[in-house]
Amino acid sequence: MPERISPASAPRSPAGSMPMSLRLHCADEAATVALGTALARALLQHDLPGALITLRGDLGAGKTTLVRAILRGLKVTGRIKSPSYALVESYAIDRKSLELKGTLQTYAYHIDLYRFSSPDEWDDAGLREMLDGQSLCLVEWPEHAPALLPQADVDLAFKPAAEGRAIVLQSGSALGAALLQQLASAQAGA
């Protein structure tokens, strides 16, 4: 990861244990994009598992910028739209399968719950099916549906800082801890 992302503190627990927390400072949009790219690399190194990543923060905090960078890092091409009005945007992601000696397709869902107002919308939009543990789900504004979302593998909290933003990443699973450990290791090597 580039130097523009600097850890404010080291991980609080060793790899594989839960919970793990990592605090990063992103001075600008380029640093936020670099963090998203690094998260995509971590996901790919874990064979792009089904994962739930939640993003919290004020409007304009950089959540959608980070999601776009993750998706670009996963080789999504074409326009990546904000799902603010549509609730969900889906993206097909090809990944190589050594077992099948070919390419498998999995899905990433960018979900924006900012305008979410009724539990009925949950089923109407098919969100239960999307959160099946087989797909990557990137959820903005998870606090708008706390009783409906499962535990996130990684939760990111965006907070304004003197220059840029602080992003606190918290693991909620063994997969989340492994992803954060990989980010911390990449940061230490940068």
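Mentor: A polar contact is a pair of N or O atoms within 3.5 Å; within protein, one must be able to donate a hydrogen and the other to accept it, and residues adjacent in sequence count only if both atoms are side-chain atoms. Take serine 171. Its side chain reaches the backbone nitrogen of methionine 20 at 2.7 Å.

A word on the source. This is a predicted model, where local features need pLDDT of at least 70 and side-chain atom pairs count only at pLDDT 80 or more, while totals for chains, interfaces and linings use all residues. Residues are numbered from 1 along each chain as its sequence is written, and side-chain values use heavy atoms, leaving out hydrogens and water.

Back to serine 171. This residue sits in strand β8, which covers residues 165-171. Strands (E, at least two residues) and helices (H or I, at least four) are DSSP runs, numbered from the N terminus. Serine 171 is buried, because its relative accessibility is 5%. Buried means under 20% relative accessible area, exposed over 50%, partly exposed in between (1.4 Å probe, protein chains only).

Who surrounds serine 171? Set aside its neighbours within four places in sequence. Contact (heavy atoms within 4.5 Å) is then made with Pro19, Met20, Asp153, Gly176, Ala177 and Leu180.

Now the rings. The whole structure holds 3 aromatic pairs. Rings of Phe, Tyr and Trp (its six-membered ring) pair if their centres lie within 6.5 Å; planes under 30 degrees apart are stacked, over 60 edge-to-face, the rest tilted.

Tyrosine 107 has a relative accessible area of 36%, so it is partly exposed. Tyrosine 109 is at 16%, so it is buried.

Another pair is tyrosine 114 with tryptophan 141. This one is tilted: 4.8 Å from centre to centre, with 55° between the planes. The pair links distant parts of the chain, 27 residues apart. Tyrosine 114 lies in the loop between β5 (102-112) and α3 (119-124). Tryptophan 141 lies in the loop between β6 (136-140) and β7 (154-160). Tyrosine 114 counts as partly exposed, because its relative accessibility is 32%. Tryptophan 141 counts as buried, because its value is 10%.
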